[in-house]
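This briefing concerns the sheet, the helix packing and the model confidence of the structure shown below. Please read it alongside the coordinates.

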Amino acid sequence: METVNVNDVLVENRMRRELGDIEQLSKSITDNGLIQPIVLTSSPENDLTIIKLVAGHRRFEALKKLGITELEHGVHFLWRVDLADDEYRRTAVELEENIRRKQMTWSEEVLGKQKLLEVYQRIYGAPLLGQPSRDVQQGLKPAGFGVRKLSELLNENVSTTSQDLEMAALVSRIPILKNEPSREAAKARLALALKIQAGLAGTHVAKPLVYKSS
């Protein structure tokens, strides 16, 4: 089947009970599309074809919240017919998606934000200063993608995103900072290094890293 009605998808008992911010996920799908399709399987039962959700419960609920009634194969979902009659493997796939995700280190997180910003700016361009043009206001041209839009995408404060991007720039220039256990420890090490440098080589002022927040 190339399309599946959302009401035909059976969502059985799931390991994940708290779905989190579905509103924000829906907004992300609207702005950027569904990056990772949900996974479905199907099997015949009593002359009927039963379609079950294997992975992507939050994405499935977000799609329904957006008013999508027909799921398209390859766009909204992928088939895993090999899991149709294997409840244990279906459960394993769900667990792998929700539990076995590796927690990123602080440096991986800030560098990931930097990379994400770069990718979206390749797609939409960097934000332009000044009043948006008529084409941008009418939606005929993209308005560009900056720190503010990235913070909205990540559902966090603009200042948090901006500070993490500054840390990413520092880590890129001084890779040894990645060995520190936290952002705060990395900042403290950098501050100490600057003080030592100032004592050995005279006054030195670190040039701040500036990001557009529009």
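In this predicted model, Ile38 stands opposite Phe77 in E6. Strand E3 (residues 38-45) and strand E6 (residues 77-79) pair in the parallel sense, over three bridges; strands are DSSP runs of E with at least two residues, helices are runs of H or I with at least four, and both are numbered from the N terminus. Two strands count as paired if DSSP finds at least two bridges between them.

**Sheet**
- The open sheet has four strands in the order E2-E4-E3-E6, and its pairing is mixed.
- Strand E2 (9-10) and E6 are the edge strands, each pairing on one side only.
- E3 and strand E4 (residues 48-55) run antiparallel and are joined by seven bridges.
- Leu40 stands opposite Trp79 in E6 and opposite Leu53 in E4.
- The hairpin of E3 and E4 has two residues between the strands, and Asn46 there takes a positive phi near 55 degrees.

- The axes of helix H1 (residues 22-32) and helix H2 (residues 57-65) come within 9 Å and cross at roughly 75 degrees.
- H1 is therefore roughly perpendicular to H2, a class that covers 65 to 115 degrees, with under 35 roughly parallel, over 145 roughly antiparallel and the rest oblique.
- H1 contributes Ile22, Glu23, Leu25, Ser26 and Ile29 to this contact, and H2 contributes Arg58, Arg59, Glu61, Ala62, Leu63 and Lys65.
- The residues of the contact of H1 with H2 comprise five nonpolar, one polar and five charged (nonpolar: Ala, Val, Leu, Ile, Met, Phe, Trp, Tyr, Cys and Pro; charged: Asp, Glu, Lys and Arg; polar: the others, Gly among them).

**Confidence**
- The protein chain averages a pLDDT (the predictor's confidence in each residue, from 0 to 100) of 78, and 71% of the residues score at least 70.
- Among the elements, helix H5 (residues 134-137) has the lowest mean pLDDT (49) and strand E5 (residues 70-72) the highest (93).
- Residues 135-141 have pLDDT below 50, and this stretch has seven contacts in the model beyond near neighbours in sequence.
- Where pLDDT is low, the predicted coordinates should not be read in detail.

**Conventions**
- Residues are numbered from 1 along each chain as its sequence is written, and side-chain values use heavy atoms, leaving out hydrogens and water.
- Local features need pLDDT of at least 70 and side-chain atom pairs count only at pLDDT 80 or more, whereas totals for chains, interfaces and linings use all residues.

Methods:
Axes are lines fitted to C-alpha atoms, for helices over the stretch in contact, and angles run from 0 to 180 degrees between N-to-C directions. Contact means heavy atoms within 4.5 Å.
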